[in-house]
Structures are given as structure tokens and as C-alpha cells.
Amino acid sequence: MTRLLPRRAGTASLMLQVVLATLPGLAALVAFFGVGVLLTVALAVLGAVLAEAFGLWLRGRSIRLGLGDGSAIVTGLLLGLALPPLLPAGLTMLGAGLAVLLGKHVYGGLGQNPFNPAMVGYAILLVSFPVAMTTWTALPQMLANGPAGLLDAGAVIFAGASPDAFTGPTPLDDFKHREGLTVAEWQAVSGLGGHFAGQGWEWVNLGFLAGGLYLLQRRVFSWHAPVGMLAALALCAGLFWDGGSSSSPGSPLFHLLGGATMLGAFFIVTDPVSGARSPRGRLIFGIGVGILVYVIRAFGGYPDAMAFAVLLMNAAAPMIDAWTRPRPYGHPPASASKEP
Amino acid sequence: MSVSDWDSPLHPLAQALDVPAGKARTRHMAIEASVIPELLRLPLELYAGRQAKPCVTVGQRVRRGEIVARGPDAYDAAIHAATSGRIRGVADTPLPCIELEADGDDATVDPEPLSDWRGHSRPELLTQLAESGLMGLGGAGFPSAAKLEAAASIDLLIINAAECEPLLTADERLLTERASEVMDGITILAYLTSARRVVIAIEDDKPEAIEAVRVALREHPFSLAVIPRGYPSGSERQLVQILTGRQIPSGRLPVDLGMLCHNVASAWAMGRAVIHGEALTERIVTVTGAALLRPGNLSVRIGTPVADLLAARGMNDTLLAGIRLGGPLTGRPVTDRRLPMGKTHGGLLAAGAEELTPAGVELPCIRCGACAEVCPASLLPQELHRQTRAADLDALAELNLVDCIECGACAWVCPSRIPLVNDYRLGKSALAAEAARQAAAEQARTRHERRQNRLEQERRASEAAREARLSRVDAALARAKAAKQNREQES
């Protein structure tokens, strides 16, 4: 049967739907990590919008039109969601600004960037400020004392107060450096194991999953990239899962609902601009990201891997496109035609 | 299922565009006669930019059905007066046309039917079609006689009644009301092409027309294929694929695969031309759109200016987003309302904003891929867009721009409101210009090479002649020498 495809909403409306779809995940983040999340997200959006205006002005483009497409807001929002909630304000805005300027405008603006701008900003911050970028608010303390309030968060973010009182490793980070504990022992000792994946993070991931499914249902993007990524990640984790020994890199569920997995699967690898073009290409793109995320998490030096995995696959996207060009109507099958 | 149903499995498009269901507005409206305007503009344009040459004089009185212009080729469709009146002259605006002042009598020439048409030769029948002004009424406007001349013996004749274009219901009404006349036309087509199989293809959202065809088919050996709705199922190449599973190779025609596609309105007109001797002076047009007060399916005289037709049906200018000759996706925008209705126009839209491809400020392409999803030719519309803007002709050729059928599905879905089809038309003409330039250069090169060869040959010939002359001289000298020696020995 013929699958009937309706007219698409305008670009600005697509961006608005993406913003709405982040709300469940954002709510979960705020619930576990406090209002600092909101401050950081707001700062990231502000930084991205200012940089967008600056970039448009430098390039002599209409600032009103350029801001109207909403892409800068989405870039800032996605970066803000990925950053540690108590990151100093200056770093957040720097990251967001560089994401828009070095991730997008230097290539010629919206639609021209080979790399995902939010991930460019994230990667710059991660390699430049590794300590700040891996300092997360600690969940056990938060759950014991209630999440950091606005004043505390503000003091850390704006005034440079020491975040030590609130910080601790993320489950992924702590799990990676568990020093010979079996998975069951780690869960008992760290208190970070959560119900089925990682404390708090499992809910954050479920929130982003819900938003992603909404976008999928609204046909904002196709299923290929997210399903490819999640399937590849789960498959890798399943292959190397030994039931929970001291050297185990974690169960499939732990990886699917840990760290930035769902944010990445539905909000980052689905970026049409920096991804592959054809449905088959997007599937391959997603699978590549899934494999890289697992490899870096399990065997690499960083606890999470979304930014690097996505940037590496962004670089591979043009090649994937060349491989997966659809056969036009009335042309012989690919085996008979020449190399692209 | 009935005996007449197409029994090969269908190969529906994997995905197609879902267009708004605006056909409901006119689908149940019976065909009615339209106004005859005071001034008709009979278009002189023929297929592919060629023009018919007028064969009447200024001031001459003509009756309906009288030929007023002919094309350069024998099988070109003739142009007829669409009502009786006086030739005012030839005009170049809004397009090359003969202006005809109607006298209101609408007197018609005596028809010259070939009622015993099976007794006539193929060339006679083809001439009758050309003299009756027959061309493809589905949109391309290729002269019917020329198309049939090249298809003397085919395997499959496809009658295209898919009518996938949104809002238009002209073909649907034609089948609903005049199915048996359509069958007459198809019978002639099948005879002329010696078609072994004949199939009539209709989209499944037209139950009345389907029923009418089923009834009419009780007396005809043709089959009916009800195909799934989805734009552009009625495009020739897509329809061939849906019905047979085969794709027409790039740059070839259905006839190369032993198939021929004919629009259902053309088939009907063919029956009228042969059996009733009527020239093509009117066609059924769906006049519709959100800005039109009284939409309908009208029998419109060729040459009726858009303005007269719209005025007759009442237009609300405040709702008007654009006028289109044809459908919302492939129709031609009308900026000058003096433009006349031509033979290929099955629709006239006074469209509201929702009925047209979204216009407005073009935003950058975000490579969302919506265009690629709906492209029936499986091209990469966003890449084509990028390369047309970059004017990279090699890339455009590599991306198979020539295979674009300009169906407009990509622009319809584009969230950034990019007028993609305009880009492709520009790109195609750039490619054609480049090809022409290369052909000219190639021709100049061969001419030069031929000249070089000729000079070389002339040089060789003259050298050979000189050598022959020299050898003759040598031989003569030798003979003289020998003779001298002989003489010396004798003496």
C-alpha cells in the first residue's frame, strides 16, 4: 500500500515542537538536580541567541528572520540540557556562543553546518574545562537534603561559590571508576544504581524518550537515526554484558537509560542538517553513533560519549550519503552503475 | 472483482504525497456548458515551443470548428475557431494567439464524421485526428496523431484517469457522465495501436466514476485498475510502474517498453473527432478554489479568457491567494487574466492560501529530507536545490536532474518554503543550454577535423600524383636511355 505523507509544518513550528518535546526531560532534570538546571538552560539559550544575532550581523543577514527560525534557541536549549547544572555562568554562555558561531555561522549559517552545533559547544567546553564539565550535582545529598535551591544554585553559577557541597559523580562516571566492584556491589555501595539504570538519570532519560516519541509521532523526524542508535548501543552492551562482574561495562538497560542516551537519540542524532540524508543513511548514521557511544563509554577515557560520537559520525555523514544514494526512477540498480 | 478488473498485481508507490481532499467541492457537480465570451484568444502554441501558423485573414468570418491555424508538420494538431465570429487579428500578448470576436450565433461547420472508421486506413484516421486538433489533454500537449504514428503495435494501452492532482474533478465527471463515449474513443485508440491489452486506471477515491466505468466495460474488452490514491500516481512514469511494476528507463518513453499512455479526456475527444467529426473546440474544466463563489465542472470553449470564466463563476478577491491554470501543484500561475484556456488545461483555480504550495519568505534548507521522502523519481531534491543555487552543472547532471518530472511534491512539503521546482526548471534550462553549447563545440570540432582530413588527403593525392609524374618521367628517361644504347650498339 502507499504510505501517504502530509504537508510539513514550517521550520519555526518544527523548532517549537522540539522545544516542547524537551519539557518532560527538563522537568525530570529539575526535579532531581534543582533549579540550577533552569538557570543553566536559560543562560545557554541566552548565549546562543546573542551569538546568533552577532553572527547574523557580521554576515549582513536579517537578524529578525534569522532569530525567527528558532534554531539558535534549540541549539542553546540542547546544550543547556547536556551541561552540568551548576556550571559557572561564563562557561555556559561561552559554550553556547561558540556552539552557534564556530558550530554554525563559520560554515555559512543554518543548513550549512557539517557538525551538530550544540555538540561542538559541548566538546569545546569538555576539552577546555574538563573538571568543571564533569562536576555534577550529587544525587544522594540532594535527595537527602532536597535539591539545591535557587539561592544556592545562583551562588555557584553566578558568584563562583564552591559547588563542593552539592557535587558528586554521575552514575556513569562512578560506575566506570568503581575499582573492582561487581555491578551488584557497586549498586549497594554507591547508592547510584537507581531502580533499573542509574539513580535519577533513568527518569531523565525516560522523560527525553517520551518527548522523542512525541516528535516521532508528529513526524518531525523519521525513526531511522534514533532506532539505529539505540539498537546499536543496546546490542553492543548486550554482547559485552557478562551478568555483572567487576569488569563489566554495564547492562544494556544501564546504557539505554544512562547519561545522555535518550537526549542524544531523539534530540541530537536526529538533527537533519548534520546527519545523513536518506532514510537508510540515517539508520547507518544512528548505528555508528550507538557503537561509538558504547566504545567510548566502555573502553575510552570519558564517562559519557555523546558529543564525540556524534561529531565523529557528523564527519562521516557525507561518505554515508555517497553510499546510500537512492536509485532514481528509471535507472539500473546500483551494482550496474558507477561508483558515486 | 469482476471480469473486467485488471488482474496483474499492482505495484503501488511505496510512499506518496497526501494532498488535501478538496475534490469534494466539485466531484458531484454535473458538467455544465460555460459562457461563450465576447472575445476568444485561440492559442497558437503547439508542443515544445513551436507555433501554428494562422491560415485566416483579418476580418474573415469563421464558424465553430473551422481551422484557423496549422502547425508545420502534417500530424500537428490544427487550431480551430471555438465559436462563430470574426477574426480580429493575431496578437502577441498575453501569448501568441488569434483573437476571435464571437458573433453570438455559435454556428458550427458541418461535421465530417468517419462513422465507418474501421474502413479507413491508419494514415486517414491519424489525419482526421490532427485535423480535429487532437493533442494530449493531460498536460503535455503532444500531438495525438504524431504520438500514435510511432505506436503502431503495442502490448499495453494505458488510459490515464488517475486524476491525482488535488481539486480537479474534470476527468472524474467525464467518466461518470460519459463513460460510453470514452469507451468509443478508447476503442479507436486500441485499434490504431493494435493494443493487445487495454487498462483504464483510476484512483480509488472516485467511486462514482469507477462504477460508471464498470457498467460501460460490460460491452468492452478493456480492464479497470483501481489504484491507491497518492500524488503523483497519475504521472505517466509512476502509473506505468504502479500497473506493471516496470520503470521506464531514464530518457526513454513508454512506447520503448511496448506501452502507450493516453489521458482519458484525450480518448474521449478522439471518439468525438472520429465518430462525430467534431473538432476539439471545448474541453471539460474544473473551475474551483476557495475564492470562487460558484465552482463547477464546465465545458469550456478553448480560448476563453481566464477573466471571463472567473467572472462568470463569481470570485471573492479577498480570499484569493493565486490563480492557477491547471491544478495547485503543477498548474501555471496566472498573472495576466487575459490568458486563455488552452487544450491542456483541465482546471482553473481561484485558490485560497491553503490550497497552494505554501509561499512566503524562503528560509534556509535544513536538510530535513521531507522532499526526498515524497520525490516519486527518488531524486535528492535538497541536493539538487543546493547545486542549482551553486550553478554546478556537473553535479546537477550527476544527480539526474533530467529525471525530475516537476510534479511539485517537494515544494509542497518543504518546511522552509523553498520554491524548489522553480530551481529545477532553471537548472534544467541551464543544462540544456550547456548541452547545446557542447554540441555546437563538438560540431565545430568535427568540422575542423574533417577539413584537416580533407586537406591531408588532397596533399597526399597531389603528392602521389607528383610521384607518379616523376616515375613516368624516370621511365621515359630510362626508355630514352635504353633506346640510345640500342642505337649506339647498332651503330
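This is a predicted model: local features need pLDDT of at least 70, side-chain atom pairs count only at pLDDT 80 or more; totals for chains, interfaces and linings use all residues.
**Entry 1: a strand in chain B**

I began with B:Leu325, which stands opposite B:Leu348 in strand 18 of chain B. Residues are numbered from 1 along each chain as its sequence is written, while chains are lettered from A and ligands numbered from 1 in the order in which they are written.

Next I looked up the partners of strand 18 of chain B. Strand 16 (residues 322–325) of chain B runs antiparallel to strand 18, joined by four bridges. Strand 14 (residues 282–288) of chain B pairs with strand 18 in the parallel sense over three bridges, and here B:Thr286 stands opposite B:Gly347. Two strands count as paired if DSSP finds at least two bridges between them.

**Entry 2: buried or exposed?**

I checked how covered strand 18 (residues 347–351) of chain B is: five of its five residues are buried. Buried means that 20 or more other C-beta atoms lie within 10 Å of the residue's own; exposed means 12 or fewer, partly exposed is in between, and C-beta atoms are placed from the backbone. B:Gly347, B:Leu349 and B:Ala351 point one way, B:Leu348 and B:Ala350 the other. In a regular strand the side chains alternate between the two faces of the sheet.

**Entry 3: the cores**

I then turned to the largest nonpolar core, which has 141 residues. Such a core is a set of buried Ala, Val, Leu, Ile, Met, Phe, Trp, Tyr and Cys residues joined through C-beta atoms within 7 Å. Helix 3 (residues 170–193) of chain B gives the most to this core, with 11 residues. Domain 1 (22–36 + 118–284) and domain 2 (360–463) of chain B both give residues to the core, so it lies between them; the domain bounds come from an automatic or database assignment.

B:Ile159 is among the residues with the most contacts inside the core. Leaving aside neighbours within four places in sequence, its contacts include B:Ile186, B:His262 and B:Ala267. A contact means C-beta atoms, placed from the backbone, within 7 Å.

**Entry 4: chain B as a whole**

I counted 12 helices and 18 strands in chain B. Its C-alpha trace spans about 125 × 60 × 50 Å along its principal axes. Buried residues make up 50% of the 491 residues.

Methods
Helices (H or I, at least four residues) and strands (E, at least two) are DSSP runs, numbered from the N terminus. Two residues are in contact if their C-beta atoms, placed from the backbone, lie within 7 Å.
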